[in-house]
Amino acid sequence: MLILFLSSKKEQQIRIVNDLIDSLNVLEMNKKSCCWFEEEYARLQKIGKTPSELDLMIASIVKANDLAVVTRNKKDFELMLKQKSGEF
């Protein structure tokens, strides 16, 4: 970011960054994701696999919106998002 602000095209680049930020679709926790979070937290805790709450929040938002997770840390999400067929 430092390079961005030292550029002679500073205003144009700031506008590009602001446009990018404005175009992002921020997904929030809602009733559906909160219910899934609660059920999944209890299920995982019961089997001794207490998850990271932040990872579980991400997984619950993903589930509530029928989306996919793209991550290098597949292990953290495998138990939470495993489908009945055994697929991730």
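**Exercise 1. The loop residue Asp 66**

Find where Asp 66 sits in the chain, and work out whether the residue is buried or exposed.

*Solution.* 
Step 1: Asp 66 belongs to the loop between helix H4 (53–64) and H5. Helices (H or I, at least four residues) and strands (E, at least two) are DSSP runs, numbered from the N terminus.

Step 2: Know what you're looking at. This is a predicted model, where local features need pLDDT of at least 70 and side-chain atom pairs count only at pLDDT 80 or more, while totals for chains, interfaces and linings use all residues. Residues are numbered from 1 along each chain as its sequence is written, and side-chain values use heavy atoms, with hydrogens and water left out.

Step 3: Check the accessibility. Asp 66 has a relative accessible area of 73%, so it is exposed. The cut-offs are under 20% for buried, over 50% for exposed, and partly exposed in between (1.4 Å probe, protein chains only).

Step 4: Look at the backbone. The phi angle of Asp 66 is near 50°, which is positive even though the residue isn't glycine.

**Exercise 2. The whole chain**

Say how many helices and strands the protein chain has, and what share of its residues is buried.

*Solution.* 
Step 1: Count the elements. You get five helices and zero strands, and from the N terminus on the order reads α-α-α-α-α.

Step 2: Turn to burial. Of the 88 residues in the protein chain, 22% are buried.

Step 3: Look at the contacts (heavy atoms within 4.5 Å). Among contacts with a separation of 6 or more, 38% join residues 24 or more positions apart.

**Exercise 3. Where H3 meets H5**

Decide how helices H3 and H5 are arranged, and list the residues that meet there.

*Solution.* 
Step 1: Take the axes. H3 covers residues 31–46 and H5 covers residues 74–81; their axes come within 10 Å and cross at roughly 105°. Axes here are lines fitted to C-alpha atoms, for helices over the stretch in contact, with angles from 0 to 180 degrees between N-to-C directions.

Step 2: Name the arrangement. That angle makes H3 roughly perpendicular to H5. The classes are: under 35 degrees roughly parallel, over 145 roughly antiparallel, 65 to 115 roughly perpendicular, and the rest oblique.

Step 3: List the partners. From H3 come Trp 36, Glu 40, Arg 43 and Leu 44, and they meet Leu 79, Met 80 and Leu 81 of H5.

Step 4: Zoom in on Leu 79. Leaving out residues up to four places away in sequence, Leu 79 touches Glu 40, Arg 43, Leu 44 and Lys 49. Leu 79 is partly exposed, because its relative accessible area is 36%.

**Exercise 4. Salt bridges**

Work out how many salt bridges there are.

*Solution.* 
Step 1: Recall the idea. Side chains of opposite charge can pair when their charged atoms come close.

Step 2: Apply the rule (a side-chain nitrogen of Lys or Arg within 4 Å of a carboxyl oxygen of Asp or Glu). The count comes to two.

Step 3: Take the pair in H3. Arg 43 and Glu 40 form a salt bridge, 2.6 Å from N to O. They lie three residues apart, about one turn of the helix. Arg 43 is partly exposed at 36%, whereas Glu 40 is buried at 8%. Beyond four places in sequence, Glu 40 also touches Leu 56, Leu 79 and Met 80.

Step 4: Take the pair in H5. In the bridge between Glu 78 and Lys 74, the closest N and O atoms are 3.9 Å apart. About one helical turn separates them, because they are four residues apart in H5. Glu 78 is partly exposed at 31%, and Lys 74 is partly exposed at 40%.

**Exercise 5. A nonpolar patch**

Name the residues that make the nonpolar surface patch.

*Solution.* 
Step 1: Patch residues have over 30% relative accessible area and no salt bridge; like charges are joined within 9 Å, nonpolar side chains (Val, Leu, Ile, Met, Phe, Trp, Tyr) within 5 Å.

Step 2: Read off the members. Leu 20, Ile 21, Leu 24 and Val 26 make a patch of about 420 Å².

Step 3: Check one member. Leu 20 is in helix H2 (residues 10–23), and it counts as exposed because its relative accessibility is 52%.

Conventions
Accessible areas come from the Shrake-Rupley method with a 1.4 Å probe; for residues, only the protein chains shown count as cover.
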